[in-house]
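Thanks for coming. I will walk through one structure today, piece by piece, and take questions at the end.

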Amino acid sequence: MSQHRPVGALIRLPRLLGALAALLALAAVLTGCGPSDDAAGGGGGTADGRRAAADRVELPATKPEPQLPVTVRSSDGRDVTVTAADRIVPLSGALSEVVFGLGLGERVVARDITATFEQARNLPVVTRAHDVSAESVLSLKPTLVLAETTAGPAEAIGQIRAAGVPLVVLDPAKKLDDVGTRIDKVAAALGVRAAGDELRTRTQGRIDQARKGIPRDAAAGSRRPRVAFLYLRGSASVYLLGGAGSGADSLIEAAGGTDAGKESGLKKDFTPITSEALAKAAPDVILVMSKGLDSVGGVDGLLKIPGVGQTPAGLDRRIASVDDGVLLNFGPRTDAVLTSLVEQIHRGGR
């Protein structure tokens, strides 16, 4: 969503808030993360921004049978009783990943615009931009709707509930430690706790394996590359630098890097890019979402954003990219994200 333009003063507040809402709805990367409808899955970038797609969710060997009814506590404080899970509508790409990873993908009847992985791509979309369409959801006669606290507008969520559809709200995942918690909560709502245990164990094992690829000196705490996460949406004139709580900070640190925005003192999750902020962050590597990179005209366009080309990363053209539809999902494919980040930010060397 971005074309390079002068930064800072040109950012309009309404557009900035809209883009931030879109990002939170994804990662709600955070990551997404206002990813577009045709974003692919996980990917890796190189010095010139090339990336490889990995846009499928791995399915379990056997499909679990939900043990229902179950009553679970929704993040908005409600107790929700789920009596059927034959028509599921997950209202974020991240939640869709978990449902498919649990083996219940054939029961999903719709998708949020951020569910871009292969198995979900042909499902009807029930969001407009990043807003839920209650009418579209209800027309599919769901027996369970899964949402995050960032889903909205509130009127649409209320309309779905008023129609008598069980709706379970979950907190968005914003750090690596949230992966297992998210899997557990979705599995509990679907009545497949055993399948959830298996998926959580498998995912954690693969995350641990991915981290073994971190070079020894970085794993020991020395020579960690400084990585800055830039959220770019040029069509909305939005250029943001990630800081503490962006979601990307957790991934960067898990991959053996130092989050440059956080390390430079940024306490907010995102702040508008300025030449001064980039100079203080002094990243060795810049991390972007693939659609954001495309929207500024690739690496060449990115380097024209004031301050970017003068950073160590800009001077060396060290740009890492991961596809919008997976970067900040914190789900069953997070191990692939970490594997890609380890390779990109350390250049694969030891």
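**Backbone, sheets and side chains**

Let me start at one spot in the chain: Arg317 sits in the loop between helix H13 (312-316) and E13. Helices here are DSSP runs of H or I with at least four residues, strands are runs of E with at least two, and both are numbered from the N terminus. Arg317 has a positive phi of about 55° although it is not a glycine. Most residues other than glycine have a negative phi, and most peptide bonds are trans. At 32% relative accessibility, Arg317 counts as partly exposed; buried means under 20% relative accessible area, exposed means over 50%, and partly exposed is in between, with a 1.4 Å probe and protein chains only.

Before going on, the ground rules. This is a predicted model, where local features need pLDDT of at least 70, side-chain atom pairs count only at pLDDT 80 or more, and totals for chains, interfaces and linings use all residues. Residues are numbered from 1 along each chain as its sequence is written, and side-chain values use heavy atoms, leaving out hydrogens and water.

As for confidence, pLDDT is the predictor's own confidence in each residue, from 0 to 100. The mean for the protein is 85, and 83% of its residues reach 70 or more. Over residues 1-53, pLDDT stays under 50.

Back to the backbone. Ser237 also has a positive phi of about 55° and is not a glycine. Ser237 is in the loop between strand E8 (226-233) and strand E9 (238-242), and is buried, with a relative accessible area of 6%.

Which peptide bonds are cis? One of them runs from Leu68 to Pro69, with omega near 10°, and Pro69 is in the loop between H1 and E1. Another runs from Gly152 to Pro153, with omega near 5°; Pro153 is in the loop between E6 and H4.

Now a sheet. In what order do its strands lie? The order is E3-E6-E7, 3 strands in an open sheet with parallel pairing, where two strands pair if DSSP finds at least two bridges between them. Strand E3 (88-90) and strand E7 (167-170) are the edges, each pairing on one side only. On average, neighbouring strands of this sheet are turned by 15° against each other, direction ignored. The axes are lines fitted to C-alpha atoms, for helices over the stretch in contact, and angles run from 0 to 180 degrees between N-to-C directions. Strand E6 (residues 144-148) is joined to E7 by 4 bridges, and Val145 stands opposite Leu167 in E7.

Helix H2 (residues 93-101) lies across E3, E6 and E7, at about 130° to E6. How many residues of H2 are buried? The count is 9 of its 9, among them Glu97 and Phe100. Just after H2, Gly103 takes a positive phi of about 95°.

Phe100 brings us to the rings. The structure holds 3 aromatic pairs, meaning rings of Phe, Tyr and Trp (its six-membered ring) with centres within 6.5 Å; planes under 30 degrees apart count as stacked, over 60 as edge-to-face and the rest as tilted. Phe100 and Phe117 have ring centres 5.1 Å apart and planes at 80°, so this pair is edge-to-face. Phe117 lies in the loop between H2 and strand E4 (127-128), so the pair ties together parts 17 residues apart in sequence. Both Phe100 and Phe117 are buried. Elsewhere, ring pairs link Phe229, Tyr231 and Phe270 into a cluster.

Next, strand E13 (residues 319-322). Ile319 and Ser321 point one way from E13, Ala320 and Val322 the other way, and all are buried. Strand E12 (residues 285-289) pairs with E13 in the parallel sense over 4 bridges, and Met289 has Val322 as its bridge partner.

Last, charges. A salt bridge is a side-chain nitrogen of Lys or Arg within 4 Å of a carboxyl oxygen of Asp or Glu, and by this rule there are 19. In one of them, Asp76 and Arg161 meet at 2.7 Å, N to O. Asp76 is in the loop between E1 and strand E2 (79-82), Arg161 is in helix H4 (residues 154-162), and the two are 85 residues apart. Salt bridges also link Glu58, Arg202 and Arg206 in a network.

I will stop there.

Terms used:
Contact = heavy atoms within 4.5 Å.
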